[in-house]
Amino acid sequence: SGRFRYVKKTLPRGATLATYKGSKIGSALFDGPIAIPVLEEAPKWGVEWNVWMSLAPMEVLTLGCGVRFAKGHVVVGGLGLGWQLREVSLRRQVKRITLIERERELIDWLYPRIKPLLGPAPVEVVCGTVESVLPTLTADAALIDTFPSYGGNKEDLDRLRDAAPGIKGWWGWGTATIGEREEW
């Protein structure tokens, strides 16, 4: 429909990118130009496209902890560019995946391109919001990457967790929270 677009943005040689690991902030510096895949949403106002997801080093580094937490039946909240879904699907500890994505356009457009790259764990795709779908599920872990920015998302994750008692373990992008329900 033209609401989303995939682009590769080129970061020039010598430019830096912010990186995060928990509360630690750093930067990455490249000795040559680097192409960064970006999924953008059409502007609601003005002319600037809005970044929905990218595969900048910060994004990849901050998703890794969630991937390592995944085991058994895993709920992935948010398709993005599919990096986390792919990595989770390749873990032998993961037996089944439920993907929740609110945008039908992304499911119809991106998921078929990502599907051949997935590992052996079967994936069920559900179109809906994490707020409406999570309370209906039981799972070993939920990996939620639907927050608009990195950091300060713990309260939002806590609300999701409280509404979904059938999910044992939780990880949220930018929440600095990971663990089993009993640990909270």
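Strands E6 (72-77) and E9 (139-144) pair in the parallel sense over four bridges; strands are DSSP runs of E with at least two residues, helices are runs of H or I with at least four, and both are numbered from the N terminus. Two strands count as paired if DSSP finds at least two bridges between them. This is a predicted model, in which local features need pLDDT of at least 70, side-chain atom pairs count only at pLDDT 80 or more, and totals for chains, interfaces and linings use all residues. Residues are numbered from 1 along each chain as its sequence is written, and side-chain values use heavy atoms, with hydrogens and water left out.

**Strand E9 and its partners**
- Val-75 has Ala-142 of E9 as its bridge partner.
- E9 also runs parallel to strand E10 (residues 167-172), joined to it by five bridges.
- Leu-143 stands opposite Trp-171 of E10.
- E9, helix H6 (residues 154-163) and E10 form a right-handed β-α-β unit; right-handed means that, with the strands pointing away from the viewer, the path from the first strand over the helix to the second runs clockwise.
- Five of the six residues of E9 are buried, so the strand is largely enclosed by the rest of the structure. Buried means under 20% relative accessible area, exposed over 50%, and partly exposed in between (1.4 Å probe, protein chains only).

**Nonpolar cores**
- A nonpolar core is a set of buried Ala, Val, Leu, Ile, Met, Phe, Trp, Tyr and Cys residues joined through side-chain atoms within 4.5 Å.
- The largest core has 27 residues, of which Leu-79, Leu-85 and Val-88 touch the most other members.
- Elements giving two or more residues to this core include helix H1 (57-69), helix H2 (83-89) and strand E7 (94-101); H1 gives the most, with four residues.
- Beyond its neighbours within four places in sequence, Leu-85 is in contact (heavy atoms within 4.5 Å) with residues including Val-76, Ile-97, Tyr-111 and Val-123.
- A second, separate core of 16 residues includes Ala-139, Ile-144, Leu-157 and Trp-170.

**Aromatic pair**
- There is one aromatic pair, where rings of Phe, Tyr and Trp (its six-membered ring) pair if their centres lie within 6.5 Å; planes under 30 degrees apart count as stacked, over 60 as edge-to-face and the rest as tilted.
- The ring centres of Phe-4 and Trp-52 are 4.9 Å apart and their planes lie at 85 degrees, so the pair is edge-to-face.
- Phe-4 is buried at 6% relative accessible area, whereas Trp-52 is partly exposed at 25%.

**Cysteines**
- The structure holds zero disulfides (cysteine sulfur atoms within 2.5 Å).
- Cys-65 is partly exposed at 31% relative accessibility, and Cys-127 is partly exposed at 34%.
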